[in-house]
Amino acid sequence: MNYDLIVIGSGPGGYVAAIRGAQLGFSVAVVERAELGGICLNWGCIPTKSLLKSAQVLEYAQHAEAYGIQIAGAEADFNAVIARSRGVADKMSKGIQYLFKKNNITVIAGTGKLAAGKQVEVTDAEGNKTLYEAKHIILATGARSRVLPAIPQDGKRIIGYREALTLDHRPESMLVVGSGAIGSELAWFYNAMGTKVTLVEFMPNILPVEDEEVSKQIGRSFKKAGINVLVKSTVESIDTEGELLHVNVRNKKGELEVHEAEIVLSAVGIAPNVEGIGLEELGIEMERGKVKVDDYYRTNVEGIYAIGDIVHGQALAHVASAEAICCVEKMAGLNPEPIRYDNIPGCTYTTPEVASVGLTEAKALEAGYELKVGKFPFTASGKASAAGANEGFVKLIFNARDGKLLGAHLVGANVTEMIAELVVARQKGLTAHDLIKTVHPHPTMSEAVMEAASAAYNEAVHI
């Protein structure tokens, strides 16, 4: 009942914290009320990528003639696609079980809540309560789908991302509200499956946090794929009477439109899971609805830490994992560097993909930088043309004074696999010259990074 470290939650923050703690010699327990791996592994990052891969394979098959291949009558077995996704998530969850066993980590099934005296009260499925004690307690309780008053989710016809991953049939029509990564990815998936999709976004462009040129490119790609994209638009109400939902949308002209849909998917963000975990009882400080922590994720109460979606910073799996390692290493007496939140990559796995890090062009100008901007289109890439995937570009933004990379914005096939080079470049203060003079292999999509850097200094050869 007594541990060096108890972690509440086993998502990409919690399970990484537990394993790193065990590696550093702590006796560790993890409290989890659902599947090991949390939302990301079971209901987010991993299963959605499985769905998107199935949709991509379908699109390849349906357009195989463009590659000189004949495939007649390719179509999706929707239930099999969903089943494959669940199988992938289940396999990954079992992988966490294996890692916990390998590292002698105890799993405590139930709902955890902080109690006085560095204790955790765990309520199991039968309602029984047990107290566990630890020198250190990490809160890694994650987040859930945010619910808006105008879009009340019922889990059947008006749904969140979780239900979207397990529908028992392919809907004929779907209206997706919100075009962040979750909304855009699921809109693209269902459109590829054959559902008539309308995507509604309040901001002027979809994927609004991205560089404007990237957002506009994705908007064009979505429209080309047949998605009805409505920007500067708001869902005001939903009429649930009748066989189809009637969604009242205020469009960019201020006019009210009515859209019919079998399913409405609300993807308007997430809400941190901070309720009912003992924060108020222990007097743990909050800031803008999240747990207030220092650079090493310590709360104002000694021995209590918080990481992931319930603290400041980007709500991304890789951020939670990085925070977990930083937190536990500091706890163990090591000297980890604080995380640089200005150098966190973001990825969206639509077709084409989107990946970015650092400042957008607009933010860089707003910050007062004098810029050099280089852009290289994939239409000029031999590898992209050979792959039949030449939509998009690489855009790099440099500080004109010292040549250092301020921001990188990529849209195209497999760009989520290319962004790490640019994250390292920013982390280490590399310049455009460093990128230009680093030999990139040919033919690869990654050559576009070198070419975009060259373009910023009027040295690009292939455009």
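Is Asn104 buried or exposed? With a relative accessible area of 67%, Asn104 is exposed; exposed means over 50% relative accessible area, buried under 20% and partly exposed in between, for a 1.4 Å probe and protein chains only. The model is predicted: local features need pLDDT of at least 70, side-chain atom pairs count only at pLDDT 80 or more, and totals for chains, interfaces and linings use all residues. Residues are numbered from 1 along each chain as its sequence is written, and side-chain values use heavy atoms, with hydrogens and water left out.

Backbone geometry comes next. Most residues other than glycine have a negative phi, and most peptide bonds are trans. Asn104 is not a glycine, yet has a positive phi of about 55°. Asn104 is found in the loop between α4 and β3 (106–109). Helices (H or I, at least four residues) and strands (E, at least two) are DSSP runs, numbered from the N terminus. Lys118 also has a positive phi, near 55°. The loop between β4 (111–115) and β5 holds Lys118. Lys118 is partly exposed, at a relative accessible area of 30%.

Two cis peptide bonds can be described. One runs from Thr351 to Pro352, with omega near 0°. Pro352 lies in the loop between β20 (346–348) and β21 (353–358). Another joins His442 to Pro443, with omega near -5°. Pro443 is placed in the loop between α13 (432–436) and α14 (447–456).

The structure holds five aromatic pairs. Rings of Phe, Tyr and Trp (its six-membered ring) pair if their centres lie within 6.5 Å; planes under 30 degrees apart count as stacked, over 60 as edge-to-face and the rest as tilted. The ring centres of Phe78 and Phe189 are 6.4 Å apart and the planes stand at 35°, so this pair is tilted. The pair links distant parts of the chain. Phe78 belongs to helix α4 (residues 78–102) and Phe189 to helix α6 (residues 181–193), 111 residues apart. Phe78 is buried, with a relative accessible area of 8%. Phe189 is buried at 0% relative accessibility. Phe78 also pairs with Tyr190: the centres are 6.0 Å apart and the planes at 40°, so this pair is tilted. Here too distant parts of the chain are linked, with Phe78 in helix α4 and Tyr190 in helix α6, 112 residues apart. Both Phe78 and Tyr190 are buried. Ring pairs thus join Phe78, Phe189 and Tyr190 into a cluster.

Charges also sit over rings. The criterion is NZ of Lys or CZ of Arg within 6 Å of the ring centre and within 35 degrees of the ring normal. Arg86 lies over the face of Trp43, 4.0 Å from the ring centre. The charged end of Lys372 sits over the ring of Tyr457, at 5.3 Å from its centre.

Nonpolar packing was examined through cores, each a set of buried Ala, Val, Leu, Ile, Met, Phe, Trp, Tyr and Cys residues joined through side-chain atoms within 4.5 Å. The largest nonpolar core has 53 residues. Phe100, Ile138, Leu139 and Val291 have the most contacts inside it. Elements giving two or more residues to this core include β1 (2–8), α1 (14–23), β6 (129–139) and α9 (317–331). Contact means heavy atoms within 4.5 Å. Not counting residues up to four places away in sequence, Ile138 touches Leu5, Ile6, Val7, Ile8, Ala17, Tyr305, Ile307, Cys327, Val328 and Met331. A second, separate core has 37 residues, including Leu51, Leu186, Val214 and Ile218.

Glu185 is found in helix α6. Glu185 is buried, with a relative accessible area of 7%. Not counting residues up to four places away in sequence, Glu185 touches Thr48, Lys49, Leu52, Cys347, Thr348, Tyr349 and Thr350. Glu185 and Gly276 are 91 residues apart in sequence and 31 Å apart in space, C-alpha to C-alpha.

The second largest pocket holds about 970 Å³ of space. On a 1 Å grid over the protein atoms alone, a pocket is an open set of points where a 1.4 Å probe fits, with protein on both sides within 12 Å along at least five of seven lines; lining residues have an atom within 4 Å of a point. Volume is the space filled by probe spheres set on the points. The lining of this pocket has 29 residues, with Gln56, Glu59, Trp188, Thr351 and Glu391 nearest its centre. Elements giving two or more residues to the lining are α3 (45–62), α6, α7 (212–225) and α11 (382–387). The largest share, six residues, comes from α3.
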